Amino acid sequence: MALTLKHLFAVIMLSGAFSLVSAMLFVVMDAVDVAFTEAAVGAGVSTVLMLATMALTVRVQKETKRAIILPLVVVCLVGVLLIYGTLDMPNFGAFDSPAQIHLGSTYLSITYKDMGIPNVVTGILASYRGYDTLGETVVVLTAGLGVILLLSGLKGRKDKE
Amino acid sequence: MKHHLILKVITKFMVGVIVLFGLYVQFHGDYSPGGGFQAGVIIAAAFILYGIVMGLENVQKVMPIWFAQKAAAVGVLVYALTGVFSIIFGFEFLNYHAISPEHPKHGQHYGIILVELGVGITVTFVMIAIYYSFAGRTPRLDDKEW
């Protein structure tokens with residue numbers, strides 16, 4: 001439905017609802033922390049940012065006159081290829097999948113011995129992979145700085161004029 | 001949103017609950033799902049909700065723009081200084097054993113709480129600052145204009 005809609009408010013609301021549904025999907029797959037993030041960022045914050053952007057620009061998508069046959073063929077081809085690629089993947093929750101038999105089991109057995117905390121994800125993120133998480137935090141800060149510079153700078157200049 | 005009385009009353013109640021849940025996700029992250037990133041976005045969502053319903057001026061009385069923008073950098077500083085602390089006491093960068101060398105497990109606990117706090121602070125205030133820079137440019141709209 002979101003594909004044929006031209007009214008952007010409805011499209012944004014639908015994508016927020018889609019995020020909420022995928023958050024529930026993450027809960028079903030036992031990734032509760034990812035579900036938190038998806039619900040708060042995908043359904044909450046980014047919907048608000050999209051609405052703010054829409055308030056600044058236009059409400060309705062422009063009509064396009066171009067033919068849609070070629071893009072449709074390309075999208076279908078890519079979709080078929082992606083589905084073909086998933087056929088080789090291990091089943092969901094399979095005990096002999098590469099994720100379970102290599103490093104994963106090592107971390108599961110040594111994290112509690114090393115740190116005494118039951119949440120292995122936190123142990124890996126904050127301690128074993130502390131460098132990566134520091135980098136990620138810097139990336140978040142840089143992204144924020146970029147948005148602040150791009151969006152707040154112009155306003156200050158306009159006020160001076 | 002001048003006349004939405006129900007939304008305002010519910011928002012006042014919900015903001016406290018959301019922030020409390022965010023703090024739980026932040027500081028109980030060693031034991032239950034969650035951590036700095038999750039807690040940060042949850043707490044930021046509380047402020048953004050308040051901003052949508054009560055208006056940008058009111059949320060900026062609680063959380064000024066300059067504070068959000070500067071506090072975002074403090075989080076990275078907390079994280080990095082935890083690593084520097086380890087170096088000063090003769091361990092590797094971000095080796096939490098330095099915090100309590102006799103009890104390495106305690107050191108890991110404190111270290112993880114500290115760096116997660118740093119992540120949480122950065123994510124919270126970056127999200128709020130991004131919201132401010134978007135919302136600050138949006139003209140005031142009546143309900144009908146949507």
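Analyst: Leaving aside neighbours within four places in sequence, Tyr131(B) is in contact with Val48(A), Leu49(A), Ile48(B) and Gly51(B); contact is C-beta atoms, placed from the backbone, within 7 Å. Keep in mind that this is a predicted model, where local features need pLDDT of at least 70, side-chain atom pairs count only at pLDDT 80 or more, and totals for chains, interfaces and linings use all residues. Residues are numbered from 1 along each chain as its sequence is written, with chains lettered from A and ligands numbered from 1 in the order in which they are written.

User: Which residues touch the most other members of the largest nonpolar core?

Analyst: Tyr131(B) again, along with Val41(B), Ile42(B) and Ile128(B), in a core of 54 residues. A nonpolar core is a set of buried Ala, Val, Leu, Ile, Met, Phe, Trp, Tyr and Cys residues joined through C-beta atoms within 7 Å. H5(B) gives this core its largest share, 16 residues. Helices here are DSSP runs (H or I, at least four residues), numbered from the N terminus.

User: Why does the span of H5(B) agree with its 32 residues?

Analyst: The expected span is 1.5 Å times one less than the number of residues. For H5(B) that should be 46 Å, and its end C-alpha atoms are 46 Å apart, so the two agree.

User: And what about H2(B): how many of its residues are buried?

Analyst: 15 of 19, so H2(B) is also largely enclosed by the rest of the structure. H2(B) reaches 27 Å from first C-alpha to last, close to the 27 Å expected. After H2(B) comes Gly55(B), with a positive phi near 100 degrees.

User: How many residues of chain B are in contact with chain A?

Analyst: 49, against 39 residues of chain A. On the chain B side, H5(B) supplies the largest share, 19 residues.

User: Is Ser109(A) buried or exposed, and how do you know?

Analyst: Exposed, because Ser109(A) has 10 other C-beta atoms within 10 Å. Ser109(A) sits in helix H5 of chain A, residues 103-115. Its C-alpha is 9.4 Å from that of Val120(A), 11 residues away in sequence.

Technical notes:
Helices (H or I, at least four residues) and strands (E, at least two) are DSSP runs, numbered from the N terminus. A residue is buried if 20 or more other C-beta atoms lie within 10 Å of its own, exposed if 12 or fewer, and partly exposed in between; C-beta atoms are placed from the backbone. Two residues are in contact if their C-beta atoms, placed from the backbone, lie within 7 Å.
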